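Thanks for coming, everyone. Let's go through this model piece by piece, starting with one loop.

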Amino acid sequence: MRERSAVHRDPTTPRFLEIEPTRKRSTVTVNDQDPYSVTKADPDPEETAEWQESLDALVEAQGRGRAREIMLSLLKRSKELQLGVPMVPTTDYINTIAPENEPQFPGNEEIERRYRAWIRWNAAITVHRAQRPGIAVGGHISTYASSAALYEVGHNWFFRGQDSPTGGDQIFYQGHASPGMYARAFLEGRIGTDKLDGFRQEHSHDGGGLSSYPHPRLMPDFWQFPTVSMGLGPINAIYQAQSNKYLTNRGIKDVSESQVWAFLGDGEMDEVESRGALQLAANDGLDNLNFVINCNLQRLDGPVRGNGKIIQELESFFRGAGWNVIKVVWGREWDDLLARDTEGALVNLMNATPDGDYQTYKAESGAFVRDNFFARDPRALELVKDYSDEQIWNLKRGGHDYRKVYAAFKAATEHTGQPTVILAKTVKGYGLGPSFEGRNATHQMKKLTLDNLKQFRDEMRIPISDAQLEENPYLPPYYHPGEDDEAIQYLRERRRELGGFVPERRSKYTQIDLPEPTTYDIVKKGSGKQEVATTMAFARLLKDLLRAKGFGHRIVPIIPDEARTFGMDAYFPSAKIYNPHGQHYTSVDRELLLAYKESVQGQILHVGINEAGATAAFTAAGTSYSTHGEPLLPVYVFYSMFGFQRTGDAFWAAGDQMTRGFIIGATAGRTTLTGEGLQHGDGHSPILAQTNPAVVTYDPAYGYELGHIMRDGIERMYGGSHPDPNVMYYLTVYNEPMVQPAEPEQLDVDGLLRGIYKLKDAPTGEGDNRSRVQLLASGVAVPWALEAQELLANDWNVRADVWSVTSWNELRRDGLAVEQRNFLNPNDERAVPYVTRKLSETEGPFLGVTDFMHAVPDQIRPFVPGDFATLGADGFGFSDTRPAARRYFKIDGPSIAVRALEQLVQRGQMDPSVPAQAIERYRLHDVTAGTTGSAGGES
Ligand SMILES: Cc1ncc(C[n+]2csc(CCOP(=O)(O)OP(=O)(O)O)c2C)c(N)n1
Ligand SMILES: [Mg+2]
C-alpha cells in the first residue's frame, strides 16, 4: 500500500505503524532504560505480558485514541515519579496546543487582518519599486509574505517597546524579512514613502535610504540586532537572554520581565551557530527566550528537507536539548477534520507526508491536494467528501492562522523554567499567487508582473485601481489609508499599550565613573626582577580594574575555558563565576586559595570551550549600554588564534551592533606560544582585525603600554567626549616571561596611543658619523630589536634607534585617512600622516619587525619616509623552542641586525662584504644557533 511505504520512509511516525503485539510470553523482554536498544532478560515475563495484554484489551475495547491518551498520561506520571523512562522526542505532526486549550483572542481579528494586508502589500511594493529601471537593487518578497502573521501577532500583542515598565523586549528580526518592518513603520507614521523608495540606496537616495537588512550601525535609531548572517541571530539571541538574566541576578538592572524573541528561518537552522548553543539556553533555564522558526519548508534554492520533515526534526532536536517545543502546524480549518479523524487516518497521512510534497501541494490546487494527499487513505478522503476544491485549498497552515499563533506566543511567554521554540509551518511567498507560492525560485523573485500585482491587490483587498497599476507597472503605489483611519488608530493604540514602537534602538545610558588613574599603577611600575609575560601583566591590571570603585562591577570578564593559562583563575574566589543556579556541589578545590567558585551573582562569564558563544556574550554585554541603558564593559580573553579567525563574522556583527569592549588575543604571535604548533601559532590576527572597521588593534610590548591603551580605550568608550565611542579594542598579549620595564620618564604617551613612539635611542659612542638605522618593532619583537640594537653597535659600529610600534593598524588607518583628505582637497595644504611626521626627522633606512607575518608591518609601507624593509613570520607555525622558531623565520636579534646591515649596503653606507660576514658570524642558517627569547610561559 502506498501510504504504508510512506510511513516507513519517515522515522518520525511512531503512532500508527502496524506493530504486532508480542503475545508469546517466552519472548517477552524489557529494557530498563532505552526501549530502542538491545533488550535484556525480563525477570518476570508473565507480569510484563499481563500489562501488555491490558493495553491490547484497551485498544480493542476503546480504540487507539483512548489507548494513546492513557499511555501519554502514564508517561507523564512516570516522569513525575522519576522512573527514568526516556522522553518522547517527537509528537504527531499536529499542533501542540489542542483547539480546546486555545485562549480567547483578545483583539479585533478583522481590523488586524485589514492592516496586515496593507503591510504585506507595502512590503512587496517596496522591493518591487527598488527594482525600477536604473536602480534594480533587489530585495526579498517571499520571506516576509510567509511570516507576516507571525510578526503581526507579536507587534499587536506581545512585543513590548522600551517605554514599557518592563523595559521592553529584544527582538531579533529575520534579516531578509526587513521590508515587512519598514512597511509597518510606514503605516505607523515613522517613515514616509520617500524613505521606502530609498530601500537599499543608503547613500544615493535623496533624504537617505533604508538599509537592506537589520543594520544598527547604518540605522542606529531603528534596528537593534543585526541578523542577516544566518546563524548569528539565534546564538546572539541566546546570549542576549543570558545577559538579561546576568544583569538581573547581579543587581545591575532588573530586566526579568524582558523577553527575547528570535525570528529565524528553517533553512537558517542548519547553521552550526543556530543549534550549537541550545544547551546553554536550557542549562541556564532561559525562560525569557523565545525562538520563532518560520518553517516555510524552503531555503534559497529549494526544500529544506524534501524527503523528511524539518518541523519534526527540529522538535526532537530542541526537545533533546531541553527546550519547550510548541508546534503550530495547521490552521483552524483543520480542527474539524482532525476532530472527526477518529481512526487517526488523517494524522497518519500528515505524519507520513514529506516536506517536498507539502511544498508541491501549495504550488498546485485544491483538487491536487484532494487527489494526492487525502486520497491516499479512503478514510481521509471520506473526511473531505463534502468539501469543494476551493475549501480544500483554504485549509491553511498554522503559521498563517492568527489565533493559533496567538495561542503559541501566549503559551511561550507564560512557560517557565525553559526556553521555548515555536515551530510555525508556513508557505513561502504566501498570498502572492501561483507564480510565487511554494516555488523553488521564490526566494529570489523581486518583481511582480502586472497580473501578479492585480491578483495580489485583490487578495490583499487594496483599494488601488487597475488603471493605477497599469499607469506604471514599475511603480505601483504604496497604500496608506490616512492617520484617521480606524485601523491605523487601532494599530497605534496597540503599540501605545505595549510601550512604544518596535524595533527601536536607543543609545542613552547611565553615566558612570571611570577608574581613577592610580588603578593603572600596577603596570607602570614594571615587574622588578621578576619575569612576567604581557598576558600576566594584563591579568594583574584587570584584577585592579575589577576592584575599581563604581566601575569594576560593570566589567564582564568572558573566558572560554582558558582562565588558568592566562592567570585569570586569580579572580575565581573574589569575582566568582556566574551560574544562575549557584553551586550545588562540594568543590574539589574548596580548600584552596583559588577555589573554583560559582555563584548566582558571579561576575565572570565562563562560557566553556565555546568561542562562538563567548563572542555572542561579548556582543550582548558590550551593547548593554544601548539595549538596557546600563553600560557593561566586556573583556573577552581567548587564544588569539581562535578569535578573529574562528568567529570573525560574529565580530563583524558585533561591530554592526556597535559593541564596546576589549578583545584580548592572549598567547599571541607565531613563535611565542612554545610547543603548540601549526593550529595555534597566530601570525595574522592583526590582519584579520584590521578588516573590521570597528576594531582598534594594538600590539603592545610592555605592561605600561597596556595600561595606557586600556585607559584610553575605556575613556573613549565611556568617557563621553569621543566622537566615535562605538569601538572594540583588540589587544594582542603574549605568554613569554620577560622583565617588564617600568614606564620610562618622559614617555611619549600620545605617540604610544597613536601607534608609534621612540623607545630607545641608539647608544652614544665614539664617532658621530657612524651609520644609522631605525628599527620599528611591535609586541614581543621589541626586545629582539633591542638585542639587534646592541649587536649593531657592538659588532658593526652602527647606531640603531628602536621604536615601539604599538599599532601598525592604526598608523595605516591614519595614513589612509590623510591620503584621502589630500586627494579630495587638492587646494588645501597637504596633510602628513602621523607616522611619516614621526619618522621624517630620523636618519637611515627603516626596518620593521614583528612576530606576525610581513603583511602586518607592510601596512605602513606607503607612509614610511625612506627605504623600508620588513621581517615577519609567514607560512604555517610549528612547535619548537622560541629561539629556534625565531631563527627559522629570521626574525630574531641577529637576523634583524643582518637585515639592517644589508639595507645600509643598498644605500652605499656599508661595505658590501659585511652582511655575508655577519651571516657567518651569527650562523644565521642554523636554527640551533638562535638565542632570542626565553623558555616557559603557560600554553
Ligand atoms: C551565513 C549566510 N549564508 C548565506 C546567506 C544567504 N541567504 C540569505 S537568505 C537565504 C535562505 C534563507 O532560508 P531560510 O532560513 O529558510 O529563510 P526563509 O527566507 O525561507 O524564511 C540564504 C542562503 C546568508 N544571508 N548568510
Ligand atoms: Mg525557509
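Start at Met658. You'll find Met658 in the loop between α26 (644-656) and β11. Keep in mind that this is a predicted model. What is phi of Met658 near? Near 60°, a positive value, and this residue is not a glycine. For background, most residues other than glycine have a negative phi.

The peptide bond from Val502 to Pro503 is cis. Its omega is near -10°. Pro503 sits in a loop too, the one between α20 (486-497) and α21 (521-524). Again for background, most peptide bonds are trans.

Now zoom out to the domains. Domain 1 covers 12-88. Domain 2 comes in two pieces, 101-332 and 396-497. The C-alpha centres of domain 1 and domain 2 are 43 Å apart.

An unreviewed entry places "domain: Transketolase N-terminal" at residues 172-333. Over residues 172-333, the chain is 33% helix and 12% strand. The end C-alpha atoms of that stretch are 30 Å apart. UniProt also lists "domain: Pyruvate dehydrogenase E1 component middle", again from an unreviewed entry, at residues 519-738. That stretch, 519-738, is 33% helix and 15% strand. Its end C-alpha atoms are 23 Å apart.

On to the sheets. In general, strands of a sheet pair through backbone hydrogen bonds.

Take the sheet of 5 strands. It is open, and its order is β1-β2-β3-β5-β4. The pairing is parallel. Which strands are at the edges? β1 (170-172) and β4 (324-328), each pairing on one side only. Neighbouring strands of this sheet are turned by 15° against each other on average, direction ignored.

Look inside that sheet. Strand β3 (residues 289-295) pairs with strand β5 (residues 420-425) in the parallel sense, over 6 bridges. Phe291 has Val421 in β5 as its bridge partner. Helix α4 (residues 142-157) packs on the sheet and touches β2 (260-265), β3 and β5. The direction of α4 makes about 155° with that of β3. Helix α7 (residues 232-249) lies across β1, β2 and β3. α7 runs at about 170° to β2.

Next, the sheet of 6 strands. This one is open as well, with parallel pairing, in the order β9-β6-β10-β11-β13-β12. β9 (605-606) and β12 (695-698) stand at the edges with a single partner strand each, so one side of each is left without a neighbour in the sheet. β12 pairs with strand β13 (residues 728-732) in the parallel sense over 4 bridges. Tyr698 has Leu731 in β13 as its bridge partner. Helix α22 (residues 534-547) packs on this sheet, touching β6 (555-559), β10 (633-639) and β11 (661-666). Its direction makes about 145° with that of β6. Helix α28 (residues 703-718) lies across β10, β11, β12 and β13, and runs at about 170° to β13.

Last stop, the ligand. How many residues surround ligand 1? There are 17. The closest are Thr143, Met230, Gly265, Gly267 and Glu268. By class, the shell has 3 nonpolar, 10 polar and 4 charged residues.

That's the tour. Questions, please.

Methods. Residues numbered from 1 in each chain as written. Chains lettered and ligands numbered in written order. Predicted model: local features only at pLDDT ≥ 70, side-chain atom pairs only at ≥ 80, totals over all residues. UniProt positions renumbered as here; feature names shortened; annotations may be inferred. Helix = DSSP H or I, 4+ residues; strand = E, 2+ residues; numbered from the N terminus. Domains from an automatic or database assignment. Near = placed C-beta within 6 Å. Nonpolar A, V, L, I, M, F, W, Y, C, P; charged D, E, K, R; others polar. Pairing = 2+ DSSP bridges. Contact = placed C-beta atoms within 7 Å. Axes fitted to C-alpha atoms, helices over the stretch in contact; angles between N-to-C directions.
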